[in-house]
Amino acid sequence: MSDSYVIVGDGIAGASAAETLREQAPDAEITVLTDEGESLYNRILIKEYAKGKLPEAPISIHQESWYDEHDVDLRLNTVVVDIDVEGDAVHTHEGETFEYDSLLLAIGGTPQQLPVENADADGIHHFWTFQDARRIKESVEDAENAVIVGAGLLGIDFAAICGAQEVEAKYLMRGDNWWRYALSEEGAEIMHEAMRERGVEPVFDSGVDRFEVDDDGHVEAAVDPNGERYECDFAGVAIGLNFNTELVEATPLELDDGVVVDEFMRTNVDNVFAAGDITTFNDLILGDRAKNGSWGSAKEQGTIAARNMLDYGSEEFRWVSSYSITHFDFPFLSFGHPTLGDDSVEATTAEGEWRRVALKHGKVVGGVLIGDLSPQSAFKQLMREGRDVSDQTEVLMEPGFSVDDLAATTEQ
Amino acid sequence: MSIRETGRRLRLRRTGLIPPDTRVRHYDELSEEAQVLVRELAGRPETAPETGELDDGDVVKFTDYYQVRTR
């Protein structure tokens, strides 16, 4: 009898695991369960659809026929309600039971709702799935003014959508600059100016105290903690994710802001693995537990998980992630863990070009590049090599920096 | 990313038209090598050896949409 693998989640982590399992175990029984109504699509590009820049078709990655052709049993609109790790089975909302030899949880997260009055009113949107993107596109096309909340990598997508759809927007931020945990005011101001050029006005030391709605229950204004009222017929909220851990809370699986896995993507239960946003993983480069929600990281985790489901210990997850913003006429890229570390160095390297590198114990753990992405590979190489650069941090800020610019004495 | 031994050259041409049957890749989906290539060719009248990752007709989303052309 062939081994059976059940994958919960058909995002890039689950789908890359299914692909790898099929490649390496041609006779395996593979089942993919997803609560979404459509198969794998390109989550990076759904913002482009909402901006009105892309049609729907190129966003699909796996047509349903792909699953038939690869002998993968795909179950759409299927909600897993219980995991029985002692009985090696998962149960769905319709009472079906799927037994497994090995289970992969790629169950991701759900956008957080603001804990304020009328946060669930019509016209207030969160952005995670393709269905969200469709609703956002439809809503924003009819909007005249908007409010955006969430001064991070997801919130800026709403700013770009409003800009592209020519909707005037106020971007309400709690601090004094966008993504204040990774950028100084100097770096953030480049982003602020790009927003302003698209009709999106950053509002600092603000936020949302409550939303006001009309008689039909549709949002009509946001009121910030200072009492300022901002009229809006569209609101985009991107304040973070709740990881979908409720499914495993009644199981022996270890949780720590997600499902804890080792460097082989295995949980504390031998035949249960996890991949993607849901994981709190052993980051071998950082030397600590970490989380990462980037596309590349999730894809790699799915692949590594599958290999270790087939042969535990065969391959470690060792990855430097990156995430770019390509909404503007200059590029932006964050890599590694730019909000962590015990030190940092930053510089404006040319007009409109800025970079910041975060360090932990003298080693690069992450950073942000604005305008000039050319040092991206060099910084990632330093992370992978774990080189101590504490006595040469100024070299990291040189335009055209390459690893060869560092003195050989710092090599480990 | 592999370099094809075809002798063909690749360039990126800015495009605003994305037909539904186009394969669209975002910069974040590409390997580091392909990302370097995109950064170097985007918006510039330059070419590079064809890669195994980007095919003729593909579109890459970077700071704009760029269509891959090989010849």
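**Helix packing and the chain interface**

In this predicted model, α1(A) crosses α7(A) in a right-handed sense, that is, with the near helix turned clockwise from the far one by less than a right angle. Helix α1 of chain A spans residues 12-24 and helix α7 of chain A residues 295-310; their axes lie 7 Å apart at an angle of about 35°. Axes are lines fitted to C-alpha atoms over the stretch in contact, and angles run from 0 to 180 degrees between N-to-C directions; helices are DSSP runs (H or I, at least four residues) and strands are runs of E (at least two), numbered from the N terminus.

Contact (heavy atoms within 4.5 Å) involves Ile12(A), Ala13(A), Ser16(A), Ala17(A), Thr20(A), Leu21(A) and Gln24(A) on α1(A), and residues of α7(A) including Trp295(A), Gly302(A) and Leu310(A).

Between the chains, 17 residues of chain B touch 24 residues of chain A. About 1,700 Å² is buried there, 53% of it from carbon and sulfur atoms; buried area is the accessible area (1.4 Å probe) lost on putting two parts together, summed over both. On the chain B side, His26(B), Asp28(B) and Glu32(B) lose the most area, together 30% of what that side buries.

Glu32(B) also forms a salt bridge with Arg384(A) (3.2 Å, N to O), the term meaning a side-chain nitrogen of Lys or Arg within 4 Å of a carboxyl oxygen of Asp or Glu. The count between these chains is 1 salt bridge. From chain B, α1(B) gives the largest share of the touching side, 4 residues.

Residues are numbered from 1 along each chain as its sequence is written, and chains are lettered from A in the order in which they are written. Local features need pLDDT of at least 70, side-chain atom pairs count only at pLDDT 80 or more, totals for chains, interfaces and linings use all residues, and side-chain values use heavy atoms, without hydrogens and water.
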